Amino acid sequence: MSIHIVALGSECPGVVGPGEEGPMGQGQLQGGLLWSYLGQGAVVGPHDLENSLHHPAFMEYTSQVFGDVSVVVRDCPSWDLLDSDWASVRSVLEQADILVIKYSVNDKLAFQQVRNGYAPRLRPLLRHWGVPVILVAVGARLHDEGPPCTCPLCASDWSSCVPHSEGLQLSRDLGATYLELPSLNHVFVGRYFGSVLEFFMIQCLKQKAKERPDKRRVNKVNEPQPPHLEQPARLPPIRVEESSFSQDMQWLLERGVQFADVAFFAGDSGKELGWAHAAVLCAVSPYFRQLLLGPKSRERPQSRCICRERDGGPHSLLSTWDGGIIDDMPRPDGHTVGRLSRLVVKDPLLCLCLWETLMFLYRGAWEWDHLQEALVEKLKNTLAVAQLMERIRSFVGMDKASRETPSARAAVLGPQTLVSLFNSPLYSDVIFMVQGSVLPAHRAVLVARCDVMAAMFSGKYAEARSRVVPIHGVSSDTFLSFLEYLYTDTCCPASVLQAMAVLVCAEMYQVKRLQHLCEVCVCAYLQSMPSRELASTGISVIRLLRRAKCHNAEQLYVWLLHFIANNYLIFSHKADFLELSEEERDHVERLRWPSRGYLQELSEYQQRRRKLRKSRCTVM
């Protein structure tokens, strides 16, 4: 058994090809990395040199490792020679079991040639062949004391060395193991490079031992071959609709005036500026939380603004109207509201751009750039835009570290904004009674997120006038999971049955995306079950199929049919398998795995094996 190692590049700066004048010719081959590892056993024989003439870029030598394993090394110290005959070079690379790429840390020009010119050509070949690669950087860096200076006068001192980070990045691009050797000392070569190389050689020998055909089986001409088992059909994917949380909240601000309970007025003229929803504002902004939920005083209202200028003085943006909260104030759509908070906008910039600010607070932090564009277009003043943006940041409680980070802003606003309102009595205006459980909720959120809820609370139904709404036919845990999705845009059922219950509730209230999420959960739970658990579980997949079809879960219905077909041997022995319709059974039979043909071939193969075994016993 032999191992073929191909080495590319040179560990010494300024190296030329084999047979030429230079520090790495054949006469000085003994100073190389691989030669140092192989030691005195490395031999350059005439036969090897004759073979190397077919590939003049490579020098070939052999040695013995692990006692009787032959190592054939083909070493090319010059990258320029590879361009002369790339087809023959590729044939050499195809025979390689291990690839070693070397470079000197003090020859940055050669390293850049490898990284920019040859690495892109090697990368697709290495991914296709799956050959282990070792990238070795040799030498001690010059001018490597401390961080490099970036001034033009000092750039020439450190630019000739290859930094550790660039070598590590190249190894990641090639999928290679990265090593750095300060010198070709036998300690570094044997302890570090040798250990890594021996590991890959042992793995290579194990792989070749597995692939070696058994001589005893080769001689058995009449030995029957087992049938080939094809892979099962791929399960169809479950497609989930994109989130509409931002669009739903925008609709609530634009058209959900019927459920608004906060009115804004201009501080100078008393003109009405717009309407909003206290629950959303308090969930989004600590500023509004302090302003609307703070102690109500009947004296002259004081500003509860938490914003402060840099000089430390107070800056009043909003304040409550004289009298604080009033009852039964008519809305623009003609309806009246029982409890209304009136806020006075005292800041002129905020008064001018209140609609853009509310839109930003409702839609979420990923609209930050759109907010800035809208303010620039409306104000036409860079300084005024910067001032207003700073005040809007204070609304949502952004600190300096999170103001320019999209991920940090998304954590402040977005679907997770309404988590604090979920199952909370804060500003709750409706209570669901489900199996004796009391579940508080907010009409504004329900109307924005669910069309059935919007029709129920906006029309002439009894729920529109009642604060307590009974829910029948749904368990409290299932309805609570349904409400959690409306508030957070996420759904994580604890089991297959819970996911199916939420799916039925989502179909009842026509929330299509939640139905898709439940379908994904059911598929994930079933796929994670081992075959033994799938055969003994009390969950009836056939009944899940029935419920999916009954509640218009078309994607789950098709997926379950494929799942039953892929596990045919498990489900065909269950009693409820007979509940499948004729059309469904034909579909399952057509996609069943293993197929009837394979089972027939397997039976014939086993019979031939038994006959052959009996005939041998008779001969013996």
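This report walks through some features of a predicted model, from the whole chain down to single residues.

## The chain as a whole

Let's start with the overall picture. The chain has 620 residues, and 45% of them are buried. Its secondary structure comprises 27 helices and 15 strands.

If you are wondering about disulfides, the structure holds 0 of them. C351 is in no disulfide, and its nearest cysteine sulfur, belonging to C353, is 9.4 Å away. For C518, also in no disulfide, the nearest cysteine sulfur is that of C491, at 4.2 Å. C518 is buried, with a relative accessible area of 0%.

C76 is another cysteine worth a look, and its place is in strand 3, which covers residues 69-76. Is C76 buried or exposed? Its relative accessibility is 1%, which means that C76 counts as buried. Leaving out neighbours within four places in sequence, C76 is in contact with A7, L8, G9, A57, F58 and L82. Between C76 and I101 there are 9.8 Å from C-alpha to C-alpha, and the two are 25 residues apart in sequence.

## Helix 20 against helix 23

Next comes a pair of packed helices. Helix 20 spans residues 496-508 and helix 23 spans residues 541-550; their axes are 11 Å apart and meet at an angle of about 15°. Because angles under 35 degrees count as roughly parallel, helix 20 and helix 23 are roughly parallel to each other. Their crossing is left-handed.

Which residues make the contact? Helix 20 contributes V496, M500 and V504, while helix 23 contributes L544, R547 and A548. By type, the residues of this contact are 5 nonpolar and 1 charged, with no polar ones.

S481 sits in helix 19, made up of residues 476-488. With a relative accessibility of 17%, S481 counts as buried, because the cut-off is under 20%. Not counting residues up to four places away in sequence, S481 touches Q498 and V502.

## Backbone spots to check

Most peptide bonds are trans, and most residues other than glycine have a negative phi. Here are some places in this model that differ.

The peptide bond joining W593 and P594 is cis, with omega about 0°. P594 is found in the loop between helix 26 (582-591) and helix 27 (596-619).

K380 is not a glycine, yet has a positive phi of about 60°. Its place is the loop between helix 14 (368-379) and helix 15 (382-395). K380 is exposed, with a relative accessible area of 66%.

Q510, which is not a glycine, has a positive phi of about 60°. You will find Q510 in the loop between helix 20 and helix 21 (512-527). The relative accessible area of Q510 is 60%, so Q510 is exposed.

Note on methods: Residues are numbered from 1 along each chain as its sequence is written. This is a predicted model: local features need pLDDT of at least 70, side-chain atom pairs count only at pLDDT 80 or more; totals for chains, interfaces and linings use all residues. Side-chain values use heavy atoms; hydrogens and water are left out. A disulfide is a pair of cysteine sulfur atoms within 2.5 Å. Buried means under 20% relative accessible area, exposed over 50%, partly exposed in between (1.4 Å probe, protein chains only). Axes are lines fitted to C-alpha atoms, for helices over the stretch in contact, and angles run from 0 to 180 degrees between N-to-C directions. Helices (H or I, at least four residues) and strands (E, at least two) are DSSP runs, numbered from the N terminus. Angles under 35 degrees count as roughly parallel, over 145 as roughly antiparallel, 65 to 115 as roughly perpendicular and the rest as oblique. A crossing is left-handed if the near helix is turned anticlockwise from the far one by less than a right angle, and right-handed if clockwise. Contact means heavy atoms within 4.5 Å. Ala, Val, Leu, Ile, Met, Phe, Trp, Tyr, Cys and Pro count as nonpolar, Asp, Glu, Lys and Arg as charged, and the others, Gly among them, as polar.
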